[in-house]
Amino acid sequence: ASLCGVIGLKPTYGSVSRYGLVAFASSLDQIGPFGRCVEDVAALYGAICGRDPMDATTARRDYPDFSALKGDVKGLRIGIPKEYFGPGVDAGVGEAVHTALRELERAGAVLRELSLPGTDYALSAYYIISSAEASSNLARFDGVKYGFRAEGYENLLELYEKTRSEGFGDEVKRRIML
C-alpha cells in the first residue's frame, strides 16, 4: 500500500472471509482493503469483515463500526520490536516508520521497545509453511476439474504431468518442490 501511496490494512486472521480466493497458503492467505484514505479503508473493512458460512475460519464475533473510530491515541501502548529495525531494512522505510512513531508519541501514544527473539526464524518458518500449503492447495489444479488443461496426452498421469509442466510458472514449481 505504501509503495503505491495508498492506505492498506492487513486484517486479523479470521475477520475476513477467504471464500472465493484462489488459495496459495491457507493459513497465510488474507484479504485486506486498500483505499485512498483511512475512512475509505475503515468503511470497506466494515463491509467485508464478519462471519461467513462459506468459510469455517471466519470468527464468530461482533465487530465495531470502524468508521466511527476516531484518532485519540493518548495512552495507546505501541510495542516496537528491535529485531525489525536491524540490517536489511531499507533506510527510507525505517525512517518513515520512525517518523510515524514520533507523530504517534506526540499525540500521546506510549512507545516501548521490545524483543521478539523468534523473529530470526520467521522467514524459515514462512518458507516451510507456505511451501507445504501451496503444494497441497495446488494439487487440485490437475487439468481435470480446475485450471488449465494440456493437450496431447495419452493417459491420466501424462495429463497431470503435462498440465502442471505447462500450466505452472517457474516460481509455482519452485514452491511445490520446496
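The largest nonpolar core comprises six residues, namely Val73, Ile78, Ile80, Leu101, Ala109 and Leu111; a core here is a set of buried Ala, Val, Leu, Ile, Met, Phe, Trp, Tyr and Cys residues joined through side-chain atoms within 4.5 Å. Buried stands for under 20% relative accessible area, exposed for over 50%, and partly exposed for in between (1.4 Å probe, protein chains only). The model is predicted, with local features needing pLDDT of at least 70 and side-chain atom pairs pLDDT 80 or more, while totals for chains, interfaces and linings use all residues. Numbering runs from 1 along each chain as its sequence is written, and side-chain values use heavy atoms, leaving out hydrogens and water.

Leaving aside residues up to four places away in sequence, Ile78 touches Leu101, Leu104, Ala109, Val110, Leu111 and Arg112 (contact: heavy atoms within 4.5 Å). A second, separate core has five residues, among them Val16, Ala42, Tyr45 and Cys49.

Now to the helices (DSSP runs of H or I, at least four residues; strands are E, at least two; both numbered from the N terminus). In H1 (residues 38-48), Val41, Ala42 and Tyr45 are buried. These sit within an arc of 100 degrees seen down the axis, so they line one face of H1; the arc is taken from the directions from the helix axis to the C-beta atoms. Strands E1 (7-8) and E2 (34-35) are included in what covers them.

H3 (residues 122-138) buries Ser130, Ser131, Ala134, Asn137 and Leu138. Their arc is only 140 degrees, which puts them on the same side of H3, and they pack against helices H4 (156-167) and H5 (170-177). Exposed Ile128 and Ser136 are on the face turned away from that buried side.
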